[in-house]
Amino acid sequence: MKDLIRISVESCELMIKQLDLMMKNRQGIRALMATIDHNESHCDHIERSLMTKVFESDLEKVDKLQLKELIIALGEISDQADRISKRVNIMTLKRRV
């Protein structure tokens, strides 16, 4: 869980840098987008691994379901950062045209 949170926070910080670059009309937006996309893919891998561990555990069913929802909610952070990053990239490309 710590890795999922750490990478999600890192993606959010990169997204903030990306937005700053866009506002200042500077280069480097696409490179940040690639890193954020990579982080999002890594978070998806971590999510699947966590889900497997949760449902293979001896926890009560209700605990498993609650952990599943928590993992999904935490995974959504990196998903949203990736979506925003891609939109920032599109906006930057449209600005140049």
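A: In this predicted model, R83 forms a salt bridge with E76, and their closest N and O atoms are 3.0 Å apart. Both partners are partly exposed: R83 has a relative accessible area of 42%, and E76 has one of 30%. This pair belongs to a set of six salt bridges in the structure. Side chains of opposite charge can pair when their charged atoms come close.

Another of these contacts joins the side chains of K68 and E69, with an N to O distance of 3.9 Å. The cut-off for a salt bridge is 4 Å, so a separation of 3.9 Å is counted. K68 is partly exposed, at a relative accessible area of 28%, and E69 is likewise partly exposed, at 47%.

A further salt bridge links the side chains of D82 and K86, at 3.2 Å from N to O. Both residues lie in helix α3, four residues apart, which is about one turn of the helix. An α-helix has 3.6 residues a turn, so residues three or four places apart point the same way. The two partners are classed separately by accessibility: D82 counts as buried because its relative accessibility of 7% falls under the 20% limit, whereas K86, at 36%, counts as partly exposed. The D82 and K86 pair is also part of a network, in which salt bridges that share partners join D37, D82 and K86.

Methods: Residues are numbered from 1 along each chain as its sequence is written. This is a predicted model: local features need pLDDT of at least 70, side-chain atom pairs count only at pLDDT 80 or more; totals for chains, interfaces and linings use all residues. Side-chain values use heavy atoms; hydrogens and water are left out. Buried means under 20% relative accessible area, exposed over 50%, partly exposed in between (1.4 Å probe, protein chains only). Helices (H or I, at least four residues) and strands (E, at least two) are DSSP runs, numbered from the N terminus.
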